[in-house]
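Subject: Structure handover

Hi,

Here is the structure for you to look over.

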Amino acid sequence: MSVVEQIKKAAASTITALYQIPVQPADVLVNATKPEFEGDYTVVLFALVKQLKKSPDALGEEIGNALIEKFPALFSSYNIIKGFLNLSVTDAYWFRFLSDQHSNEKFGFNSNTQEKVMVEYSSPNTNKPLHLGHLRNNFLGWSIAEILKATGHTVAKTCIVNDRGVHICKSMIAWQRFANGATPASTGMKGDHFVGDYYVKFNDAYKKEIDELVASGMSKELAEKEAPIMKDTQQMLIDWEAGKPEVMELWRTMNGWVYEGFNQTYQRIGSDFDKTYYESNTYLLGKDLVETGLSKGVFFQKEDGSVWIDLTADGLDEKLVRRKDGTSVYITQDIGLAEQKQKEFNAQQSIYVVGDEQNYHFKVLKLICQKLQLPSADGIYHLSYGMVELPSGKMKSREGTVVDADDLVEEMVNIARQKTEELGKVKDFTAEELKELYDIIGLGALKFFLLRVDPKKKMIFNPEESIDFHGFTGPFIQYTHARIKSILRKNTMDHGPWTMDHSLLKLEKELLLTLEQFPTVLNESASEHDPSKVAIYVFNLAKTFNSFYTEHSIANAEHEEKKRLRLALSQLTAQTLKNGMSVLGIRVPERM
């Protein structure tokens with residue numbers, strides 16, 4: 001139980017005993033005491049002032065005295081400032097916490113198995129390589145899955161690949177027209193980049209044909225429909241749906257090239273999945289659910305034969321679930337896949353990591369699943385995130401000006417190399433060790449920068465700023481970890497029994513308070529589906545340690561017990577930084 005939970009429990013039982021009013025721990029508001037006041041944690045009394053019609057000072061005195069009397073192992077003193085009861089936690093409590101936890105490699109992690117959760121992320125299209133937006137998606141999905149695991153959930157990571165449809169046929173038609181039999185192997189290109197180039201070539205050719213038709217007197221709207229390359233693409237989609245052998249063969253081959261490329265990128269950035277679904281296998285799902293919905297009166301049929309759901313009572317509008325020709329739409333497939341995943345994994349919560357342009361879609365999906373009374377429909381959660389932009393503006397894929405994920409990773413590793421060489425502290429590293437170090441720093445900087453922001457916010461990614469060894473960055477935390485590991489290598493710690501005949505100094509206690517909050521931060525991050533809480537926490541922990549280390553020597557501490565305390569503090573700080581960064585998918589080097 002965290003110290004805040006203990007304070008809430010102690011305060012609730014004390015208030016109940018003093019005033020004969022039922023108070024639950026959850027009713028007690030506890031904050032960290034503001035730095036300008038004395039104390040560690042503050043109990044806010046205003047709700048009680050109104051209820052008991054007592055002055056804040058009188059209330060604070062009565063509750064403070066009772067807490068000190070009843071819980072002497074937890075509280076050492078108190079003071080009252082205008083309705084705020086500031087409590088100081090005993091040094092003995094913090095010594096005990098440090099003694100119990102300093103060598104715990106799993107500190108902060110909870111192994112109690114809670115509910116099953118499914119996290120779906122990445123969802124790439126097989127007509128182009130992964131880009132910067134996919135990186136934010138992958139890092140968010142992977143990290144929220146790991147944070148949920150760290151807080152005791154059983155997690156399944158899934159991915160749905162958009163491997164069919166007109167956009168895939170565009171790359172296929174362009175390859176037929178322009179490739180002359182070229183392959184990734186014959187050109188020395190990565191498969192996803194190779195196929196992506198043909199998607200760009202399609203758009204170039206399509207524009208050219210539209211311009212020619214418009215020049216010959218056709219309207220632009222009609223030219224967009226009549227352009228030969230577009231007509232060929234639509235025919236190819238019809239042939240694919242009919243299972244035409246040569247079209248299926250080309251489709252399988254080109255998608256195979258893309259998957260090889262994707263797998264290299266996933267391996268490089270550390271993304272993995274327990275199960276991958278393919279839209280070509282799932283696009284027919286949900287058709288039977290339309291019939292179920294009609295029979296239950298959840299859906300209704302219009303005169304033209306199309307099937308709809310009326311969500312106007314829920315503040316939305318009417319939504320099409322089956323076209324008049326009997327074909328399904330995206331929402332129908334998603335309902336069907338939600339049902340299938342539920343049958344396979346039996347998860348209580350299903351998290352979809354998808355950009356905020358799909359907010360409406362996921363509201364509709366959850367509502368329909370609830371109205372169809374599908375199991376765990378209430379557990380559908382859209383982890384919506386904002387667009388990532390570069391300082392130069394938005395990303396586009398049709399014109400081939402997208403920020404490619406592979407290129408960006410390489411650029412980050414190169415910047416890591418330059419910045420590290422400028423610092424000149426890696427003279428004794430082998431070439432192999434340096435290669436790994438630059439990878440750890442470059443990828444760490446990229447992941448941290450994309451995860452340190454609340455997912456819902458749009459963000460601008462600045463590669464140079466992300467590798468600043470002194471800023472709100474991954475490398476700053478990595479450097480702090482390496483610095484602590486260096487201290488621990490140079491100073492051995494006595495593992496005999498602890499004696500507590502000295503008091504904690506202000507910065508020692510501040511570091512202990514920060515460390516003790518790690519499990520709580522992990523739980524908040526899991527319940528709010530927000531990895532930025534962990535990122536902000538590990539940054540603040542690194543800052544707190546650096547402030548402490550600037551003021552207090554470890555090797556030349558005032559006496560042996562102080563040295564031992566500070567080594568234990570250093571050990572737990574390094575472990576907590578490592579554990580916090582690990583759930584963000586970021587490695588921390590032993591030396592830098």
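Start with a pair of side chains: K509 is buried, and D40 is buried too. Please keep in mind that this is a predicted model.

K509 and D40 form a salt bridge, with N to O at 2.9 Å. K509 sits in helix α20 (residues 506–516), while D40 sits in the loop between β1 (30–32) and β2 (41–44), so the bridge ties together parts that are 469 residues apart in sequence. In total, the model has 33 salt bridges.

Next comes R164 with E241. Their side chains meet in a salt bridge, 3.1 Å from N to O. This pair also links distant parts of the chain. R164 is in the loop between β6 (154–161) and α6 (166–178). E241 is in helix α10 (residues 228–241), 77 residues apart from R164. R164 has a relative accessible area of 10%, which is under 20%, so R164 is buried. E241 has 44%, between the 20% and 50% cut-offs, and therefore counts as partly exposed.

R177 belongs to helix α6 and E209 to helix α8 (residues 191–215). The two residues are 32 apart, and the pair links distant parts of the chain. In this case the Arg is partly exposed, as R177 has 34% relative accessibility. E209, at 13%, is buried.

Which strands make it up, and in what order? The order is β8-β9-β10, an open sheet of 3 strands with antiparallel pairing. β8 (300–301) and β10 (318–322) are the edge strands, and each of them pairs on one side only. Strand β9 (residues 307–310) pairs with β10 over 4 bridges, in the antiparallel sense. Look for D310 there: E318 in β10 stands opposite D310.

When you open the model, I would begin with K509 and D40, the buried pair.

Best wishes

Note on methods: Residues are numbered from 1 along each chain as its sequence is written. This is a predicted model: local features need pLDDT of at least 70, side-chain atom pairs count only at pLDDT 80 or more; totals for chains, interfaces and linings use all residues. Side-chain values use heavy atoms; hydrogens and water are left out. A salt bridge is a side-chain nitrogen of Lys or Arg within 4 Å of a carboxyl oxygen of Asp or Glu. Buried means under 20% relative accessible area, exposed over 50%, partly exposed in between (1.4 Å probe, protein chains only). Two strands pair if DSSP finds at least two bridges between them.
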